Amino acid sequence: MTLPVDLSTTLGNAWFPTPIFTASGCASSGRELAQFFPLNDIGAVVTKSVMNKPRHGRPTPRMAETPSGMLNSIGLQGPGIDAFLAKDVPWLLEQKARVIVSIAGETVEEYSTLARKLRSVSGISAVEVNISCPNVENRGMVFACDPDASRRVIDGVRKTIGGDLPIIAKLSPDVTDLPAIARGVVEAGADALALINTVLGMVINIDSMRPHLGGKTGGLSGPAIRPVAVRAIYQVHAALPKVPILGMGGVSSGRDALELILAGASGVSVGTASFGNPTALIKIQNELRDLLAARGFTTMQQAVGFAHRDV
Amino acid sequence: MATINRSAQQQIVTVVGNKRVGAYHQILLHVGEIVKNCRPGNFVAISVGGESSKMVLRRAFAISRVSDSSQYGGTMELIVAPHGSGSKWLCAQPEGTEIDIVAPLGTAFGIPTESVNALLIGGGYGSAPLFGLADVLKSRGCKVDMLLGASIGSKIYAPLEGKRSVNSLKIYTEDGSMGETGRVTESLLEIIENREIDIIYSCGPMGMLAAITELVSDLDVIHQCAVEESMACGIGICMTCVLPVSNEDGSTSMLRSCIDGPVMEGEKVRWDLVGKIPEAHQ
């Protein structure tokens with residue numbers, strides 16, 4: 001007989017009943033998954049990164065399955081922030097879901113514009129600032145690969161959005177010194193970090209003998225990248241132990257979620273696993289609860305960063 | 001509650017039949033109550049490879065037909081070409097295997113409210129869902145003619161029992177090994193005229209669907225086609241299966257073939273833009 005485990009967590013000043021969230025870009029805006037489980041059963045819905053204007057994204061093929069993973073090349077297709085705030089956010093709040101809105105921009109100014117539009121929206125728990133989408137025409141747009149550009153984006157969002165709404169900066173693992181980038185965005189005003197975005201990859205079709213994806217390169221996700229995520233979370237938690245991390249990357253079981261938590265994640269987003277199993281989030285959440293209990297944890301928070309402790 | 005995927009259920013079901021039919025496998029699943037919500041055109045997303053597989057994505061298959069008998073309960077039939085690693089795995093599963101499915105998904109063929117003359121056109125295993133559709137159309141008093149095409153005879157799927165709802169069936173193969181030599185589009189315009197066709201339903205390779213759309217573009221014929229795009233999820237969350245589709249105002253949207261398809265109006269699909277990006281949003 002084990003005691004119930006308190007799964008609750010916080011990111012900045014935002015509280016969530018469980019640490020299991022959707023991953024941005026892997027749950028659209030929530031309606032699609034609502035048929036399979038109530039959205040307020042999970043910690044939060046992190047919506048697909050939205051830009052200021054509607055956007056078509058990249059040409060097809062947009063997907064290639066790879067060993068224990070997949071490449072995607074969507075390119076931030078979306079309705080634009082105005083339509084998103086008018087239609088999707090009110091619906092999610094009606095479902096009593098906790099909502100983290102993910103934003104993406106092409107310029108520092110676009111992020112600030114998005115932040116200004118979000119500032120007056122009530123009911124959302126946090127904003128994820130996606131500065132690491134790999135599927136953009138110009139790799140120079142990946143702010144998270146440039147310490148200075150990362151800081152400027154977060155600084156602009158912080159100044160525009162005011163002091164209350166937690167800012168989660170989503171970073172790329174495709175950098176040489178991740179803790180340095182992380183430190184920069186925290187100094188610029190990020191309350192939490194989302195680690196990791198997909199890893200840049202490519203598949204060549206050996207029949208056409210050309211890149212398979214319409215956008216040539218894509219973001220690698222799925223179990224194949226989990227060790228990269230664990231490493232990134234471990235490194236950043238070691239460097240910045242007080243900064244909460246929303247961990248993600250190839251989580252498809254409670255065991256995987258626990259691994260990220262032990263590395264230092266306060267929350268865990270589930271992305272690609274939902275493509276293979278629409279009820280993956282619920283399965284992972286239940287398995288995590290059992291695994292924590294079996295290890296004698298009475299709260300999830302006790303396990304955060306446990307792998308760093310001396311024996 | 002949800003407006004998307006509203007009939008879809010995730011369920012563990014049992015394989016109750018698996019036999020070779022020409023180049024394909026006819027897979028029969030015992031799915032119970034799910035059949036009540038399945039309509040011709042809908043598809044099923046199946047988890048493949050088992051627990052230790054390196055395949056992480058579901059595979060989408062058109063539902064060929066469903067039946068609900070008092071003896072066996074609800075069963076779902078799929079016609080599967082063992083082509084990639086996922087479909088090969090499915091075709092290798094013996095009777096009794098339990099598999100994880102999500103169904104029914106996607107849009108269905110629109111069924112006319114009055115009796116009309118319908119032409120059903122299938123390419124390769126794309127013919128599979130057309131026989132179930134033919135049954136429904138015939139029960140509504142429609143006259144149903146069918147054209148099937150494939151590269152070779154073994155890739156024509158035309159079960160004997162499927163033909164009972166069909167007024168006529170014409171087969172084309174590119175190598176002439178079965179039926180007439182050529183493609184389904186060969187004498188399409190003549191057939192439409194002679195048989196006074198009101199509506200065309202098509203299912204098959206994208207090139208065939210595009211060719212039919214172009215041929216009938218000047219005619220007063222409705223064309224509904226079931227598209228085939230590679231999907232990662234089948235439930236609308238991955239955004240990989242998009243197609244350029246015209247809106248009322250003349251603009252183009254990238255619509256998901258799993259949610260807004262697989263059945264789409266042929267003339268709405270911007271076939272010229274498949275694999276490209278539409279003009280920028282204004």
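**A helix pair in its chain**

Author: In chain A, 73% of the contacts between residues at least 6 apart in sequence join residues at least 24 apart. Two residues are in contact if their C-beta atoms, placed from the backbone, lie within 7 Å. This is a predicted model, in which local features need pLDDT of at least 70, side-chain atom pairs count only at pLDDT 80 or more, and totals for chains, interfaces and linings use all residues. Residues are numbered from 1 along each chain as its sequence is written, while chains are lettered from A and ligands numbered from 1 in the order in which they are written.

Chain A has eight helices and 16 strands. These are DSSP runs, numbered from the N terminus (helices: H or I, at least four residues; strands: E, at least two).

Now the pair. Helix α3 of chain A spans residues 147-161, and helix α4 of chain A spans residues 178-187. Their axes come within 8 Å and cross at roughly 25 degrees. Axes are lines fitted to C-alpha atoms, for helices over the stretch in contact, and angles run from 0 to 180 degrees between N-to-C directions. The crossing angle makes α3(A) roughly parallel to α4(A), a label for angles under 35 degrees.

Which residues meet? From α3(A) come P147(A), S150(A), R151(A) and I154(A). From α4(A) come A180(A), I181(A), G184(A) and V185(A). By class, this contact has five nonpolar, two polar and one charged residues. Ala, Val, Leu, Ile, Met, Phe, Trp, Tyr, Cys and Pro count as nonpolar; Asp, Glu, Lys and Arg as charged; the others, Gly among them, as polar.

Technical notes: Angles under 35 degrees count as roughly parallel, over 145 as roughly antiparallel, 65 to 115 as roughly perpendicular and the rest as oblique.
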